[in-house]
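Me: I am new to this structure and would like a close look at a single part of it. Could you take me through the aromatic cluster and what lies around it?

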Amino acid sequence: MQLRAFFLLLLISVTTSCQFFETDKKLTQQEIGEIVDFSVVDVSPSFAVCDSVIDKAKKTACFRQTMHQHISKSLAKNIFEVKTPIDETVLVQLFIDKQGEVRLKKIASSANLKKAIPQLDSLIQESLQSLPNLFPAIKRGIPVSTQYELPIKMNVQ
């Protein structure tokens, strides 16, 4: 009789204690329901000179400024002869992979600029190949690939 009472008590305690084996649904729902914006990175790509900058906006500005300076210096080494003055903006689309390698996706310039300076695309490509080491963008602590569009002001007299 005592054995039956013990097993009955054990059976009742096991069936009523299921709440101890349940997972916390609220925690799981919060983790799953979190919205992640993949169009924005936590830390933009950067060069070694920008590592000391902590502010996100300033770090992005440092990256863009360093990129512009490098391309401008590289293009300034060349002498362009044009018949009419050129004052246009060229849009350079870059792809920076998660290893920090830069690839040129597209150069958008007017037909007049392409006709006046046909070697411009190859000169921009050369300047990108000679970039200093680049650190990739970071999203949630993981290096990620990013795409940037850099405007380059062409002013040739």
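Reply: Happy to. One term comes up at once: a residue is called buried when its relative accessible area is under 20%, exposed when that area is over 50%, and partly exposed in between, using a 1.4 Å probe and protein chains only. This is a predicted model, in which local features need pLDDT of at least 70 and side-chain atom pairs count only at pLDDT 80 or more, while totals for chains, interfaces and linings use all residues. Residues are numbered from 1 along each chain as its sequence is written, and side-chain values use heavy atoms, leaving out hydrogens and water.

Let us start with S46, which has a relative accessibility of 4% and so counts as buried. S46 lies in strand 1; strands here are DSSP runs of E with at least two residues, helices are runs of H or I with at least four, and both are numbered from the N terminus. Setting aside neighbours within four places in sequence, S46 is in contact (heavy atoms within 4.5 Å) with D51, K59, F63, N133, L134 and F135.

Rings of Phe, Tyr and Trp (its six-membered ring) pair if their centres lie within 6.5 Å; planes under 30 degrees apart are stacked, over 60 edge-to-face, and the rest tilted. Searching the whole structure gives two such pairs. In one of them, the ring centres of F47 and F63 are 5.6 Å apart and the planes meet at 20°, so this pair is stacked. Because F47 belongs to strand 1 (residues 46–47) and F63 to helix 3, the pair ties together parts 16 residues apart in sequence. F47 has a relative accessible area of 2%, so F47 is buried; F63 is buried too, at 0%.

F63 also pairs with Y148, and this pair is tilted, with 5.1 Å from centre to centre and 55° between the planes. Here distant parts of the chain are linked, since F63 sits in helix 3 and Y148 in strand 7, 85 residues apart. Y148 is buried, as is F63. Together, F47, F63 and Y148 make up one aromatic cluster.

The largest one has 26 residues, and M67, V90, I117, I124 and M154 have the most contacts inside it. At least two residues of this core come from each of helix 3 (56–76), strand 2 (86–96), helix 5 (120–129) and strand 7 (146–156). As for I117, apart from neighbours within four places in sequence, this residue is in contact with F80, V82, I86, M154 and V156.

One last link leads back to the start.

Key: Core = buried A, V, L, I, M, F, W, Y, C linked by side-chain atoms within 4.5 Å.
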